[in-house]
Amino acid sequence: MKPNWRSPWVALVALILLAFALRMYHLGASSLNGDEAFTIRYWADSPSVVLSHLAWVEPHPFGAFFGFWAWKSLVGDSEFAMRMLPVLINIIGVPALYAFARRLLYSTRVALIAAFLWAINPNLIWHSQDVRNYALWSGLSILSLWLLLRASDRSRPLRRIDWILYVISVTLGLYVFFLEAFVVIVHGLYVAWFRRKALRAWLLAIVVVGVLLIPWVGQVWALAHSYGGTGPRADFGVLFEQFLPALLFGEAARSPLATLFDAFVVGVFILHLAAVQTFYPGRAQKVLLLLLSVPTALLFIAATRLNVFRPRYLIAITPAILLPLANTAAILGRGLKRYYPMPLRSTLLIGLALLGPFALQTADALSHYYASPHNATDWRGLGIYLRANVKHDDLVIMTASDPSTGSTDPAFEYYYRGPAPIIPLPHPDYPMQSTVDQALATHQSVWLIPVGAQTESIDQALLVNGMLIGEQQAGSFKPRQYRSKTIKPSEIDAPLNLSIGGGLLTGYSLLGEQRVGSTLTVLLFWQRPPTENLKTFVHLIGSPKADGSPVWAQNDHVPSAPGRDVYPISLTAVIAGSYTLEIGLYGATTGQRSTVIDAGSGKVLGDSYTLTSITISP
């Protein structure tokens with residue numbers, strides 16, 4: 001038998017694969033943001049640790065903590081592995097929305113279009129690539145809605161398994177996100193309004209759910225006395241300015257033109273939402289309006305008392321926004337003239353005016369997300385740099401994101417876990433100047449990760465008794481390396497005894513990675529300063545370049561002598577290969593080189609001295 005490629009089931013499988021592909025694309029491209037790192041480090045900690053404190057102050061249910069902990073225990077804590085859980089759960093929304101729309105609107109065409117819109121929705125894709133519980137909640141929420149319609153269907157005999165599946169789904173949804181309770185209220189209104197014969201069965205199911213939620217209720221009670229929210233308060237205008245565009249296209253900022261386009265899309269959508277109701281069966285119209293309005297109204301009321309007015313807290317109403325679009329697309333696909341008289345065509349034209357901009361906005365949002373995933377700070381690049389450059393006898397100062405507590409972004413310690421110890425500054429328990437002075441005195445190098453306005457005060461404290469060795473781009477950061485003004489004997493990697501231009505050079509050290517694109521820092525240690533008006537040169541010598549010069553990179557300046565003299569050598573324009581490092585002095589005005597003499601034997605070594613040979617890696 002030949003397969004029926006026009007079967008809706010084939011189309012549905014294709015949509016599931018499309019949703020999976022869109023959510024997997026660039027899944028591990030960006031670093032974790034702070035919230036994601038917090039999830040992996042603290043939510044996914046062992047249940048005993050979570051129950052000891054976090055669960056009673058962090059406004060998310062036990063299921064979110066234990067779900068990520070179980071997943072982390074199974075697959076590990078890499079960015080890619082942890083983001084897979086939201087991906088897989090959110091994909092459930094594709095078949096669930098298809099089944100929900102088909103049962104509600106009696107149209108396979110509309111159901112498939114709705115499933116397609118779920119698959120490509122930029123907001124759902126973004127949250128599916130975010131190690132938080134919003135994508136999990138949206139997938140489980142639409143699954144519960146479909147199971148409710150199925151279990152309460154009057155055309156089917158009452159089946160215990162349908163209600164058992166509904167109980168499991170609702171319980172999981174509530175344990176993943178507290179605000180699923182708003183959607184469960186919509187469940188009750190639906191049953192009371194349209195399926196009164198199933199009211200008793202639904203109430204019994206809710207009683208079972210209530211018993212299963214006893215720990216959940218205890219957590220809500222504890223949080224009610226400790227949590228005030230971290231978002232804005234209720235603002236009616238924001239519902240149209242931010243919430244609707246966010247649920248359609250995501251919360252991340254895009255181009256100014258796209259933002260202006262949002263206003264047009266929202267305006268047309270509001271007209272469309274009113275007009276398109278004409279083409280719904282009466283029950284479907286009311287169900288979607290309930291799903292759209294009840295959670296929104298309840299969140300608005302809650303946000304008058306708590307700081308919780310964020311679009312992501314309404315992600316579960318996404319089906320009520322996508323289904324009118326799907327219905328309009330299906331109607332337009334059949335043709336206006338054939339099916340509808342003139343008075344109704346104008347309402348469809350409103351939908352047509354919406355679908356074009358909607359498609360363009362969706363494409364813009366997706367291209368923005370994939371070009372700059374999460375807009376995340378490049379913590380991964382910073383971690384790679386620190387692991388390559390920081391030694392065990394160094395110390396890292398991470399600028400505190402909250403000076404009152406000394407807390408830092410959770411992503412930092414996810415990507416950098418040693419070998420050098422970390423201290424946050426400013427910190428209420430660490431006096432700034434004495435802490436910095438002790439760090440310089442007891443560690444070879446002190447690395448400062450500059451973040452925000454607090455950096456300047458730390459930098460000033462470091463410069464009192466220390467000196468800046470250099471800074472280099474590492475991801476989206478520029479870590480700064482400091483050392484004490486007092487030179488430690490351990491700093492000198494290679495002792496020398498050279499007399500040059502009247503100065504005495506006692507040694508050198510090389511810092512940094514020897515690879516293309518990085519910065520190699522040469523430290524020269526002068527016991528006696530050279531004669532004035534002389535410059536030191538440090539040259540990277542290799543095979544002749546296209547212009548015939550063997551000098552691939554250099555740094556020339558008047559030596560900071562006596563003491564430590566810093567020469568950063570940029571390897572950006574260097575190709576991989578073997579090189580030598582050559583030093584010497586020359587007159588700033590004459591250009592004449594000074595003679596290099598072995599101070600121990602008095603032997604003349606020439607007008608330059610080769611420090612060492614190095615290999616620059618790609």
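Q: How many residues has helix 16, and how far does helix 16 reach from its first C-alpha to its last?
A: Start with what a helix is here. Helices (H or I, at least four residues) and strands (E, at least two) are DSSP runs, numbered from the N terminus. The expected span of a helix is 1.5 Å times one less than its number of residues. Helix 16 has 21 residues and reaches 30 Å, close to the 30 Å expected at 1.5 Å a residue. A note on the source: this is a predicted model, where local features need pLDDT of at least 70, side-chain atom pairs count only at pLDDT 80 or more, and totals for chains, interfaces and linings use all residues. Residues are numbered from 1 along each chain as its sequence is written, and side-chain values use heavy atoms, with hydrogens and water left out.

Q: Which residues in helix 16 are buried?
A: Buried means under 20% relative accessible area, exposed over 50%, and partly exposed in between (1.4 Å probe, protein chains only). An α-helix has 3.6 residues a turn, so residues three or four places apart point the same way. In helix 16 the buried residues include Ala 284, Val 287, Leu 288, Leu 291 and Leu 292. Arg 283 is also among them.

Q: At what angle do helix 6 and helix 16 pack?
A: Axes are lines fitted to C-alpha atoms, for helices over the stretch in contact, and angles run from 0 to 180 degrees between N-to-C directions. Helix 6 (residues 93-105) and helix 16 (residues 282-302) pack at about 135°, with axes 8 Å apart. Angles under 35 degrees count as roughly parallel, over 145 as roughly antiparallel, 65 to 115 as roughly perpendicular and the rest as oblique. Helix 6 and helix 16 are therefore oblique to each other.

Q: Which residues of helix 6 and helix 16 make the contact?
A: Contact means heavy atoms within 4.5 Å. Helix 6 brings Phe 100, Arg 103, Leu 104 and Leu 105; helix 16 brings Arg 283, Ala 284, Val 287 and Leu 288. Now sort by class. Ala, Val, Leu, Ile, Met, Phe, Trp, Tyr, Cys and Pro count as nonpolar, Asp, Glu, Lys and Arg as charged, and the others, Gly among them, as polar. The contact has six nonpolar, no polar and two charged residues.

Q: Is Tyr 134 buried or exposed?
A: Tyr 134 has 4% relative accessibility, so Tyr 134 counts as buried. Tyr 134 is found in helix 9 (residues 134-151). Leaving aside residues up to four places away in sequence, Tyr 134 touches His 60, His 127, Phe 177, Arg 312, Tyr 313 and Ile 315. Tyr 313 is 179 residues from Tyr 134 along the chain, yet their C-alpha atoms are separated by 7.9 Å.

Q: What order has the open sheet of five strands?
A: Strands of a sheet pair through backbone hydrogen bonds, either parallel or antiparallel. Two strands pair if DSSP finds at least two bridges between them. The order is 2-1-3-5-4, with mixed pairing. Strand 2 (422-425) and strand 4 (466-471) are at the edges, each with a single partner strand, so one side of each has no neighbour in the sheet. The twist averages 30° from one strand to the next. Helix 22 (residues 432-442) packs on this sheet, touching strand 1, strand 2, strand 3, strand 4 and strand 5.

Q: Which way do Val 446 and Trp 447 point from strand 3?
A: Val 446 and Leu 448 point one way, Trp 447 and Ile 449 the other, and all are buried. Strand 1 (residues 395-399) and strand 3 are parallel, over four bridges. There, Leu 395 stands opposite Val 446. Strand 3 and strand 5 (residues 480-484) run antiparallel, joined by three bridges. In strand 5, Tyr 482 is the bridge partner of Val 446.

Q: Where do Pro 419 and Pro 426 lie?
A: Check omega at each proline. The bond from Gly 418 to Pro 419 is cis, with omega near 20°. Pro 419 is in the loop between helix 21 (410-415) and strand 2. The bond from Leu 425 to Pro 426 is cis as well, with omega near -10°. Pro 426 is in the loop between strand 2 and helix 22.

Q: What is phi of His 26 near?
A: Phi of His 26 is near 60°, a positive value in a residue other than glycine. His 26 lies in the loop between helix 1 (8-24) and helix 2 (34-43). At 31% relative accessibility, His 26 counts as partly exposed.
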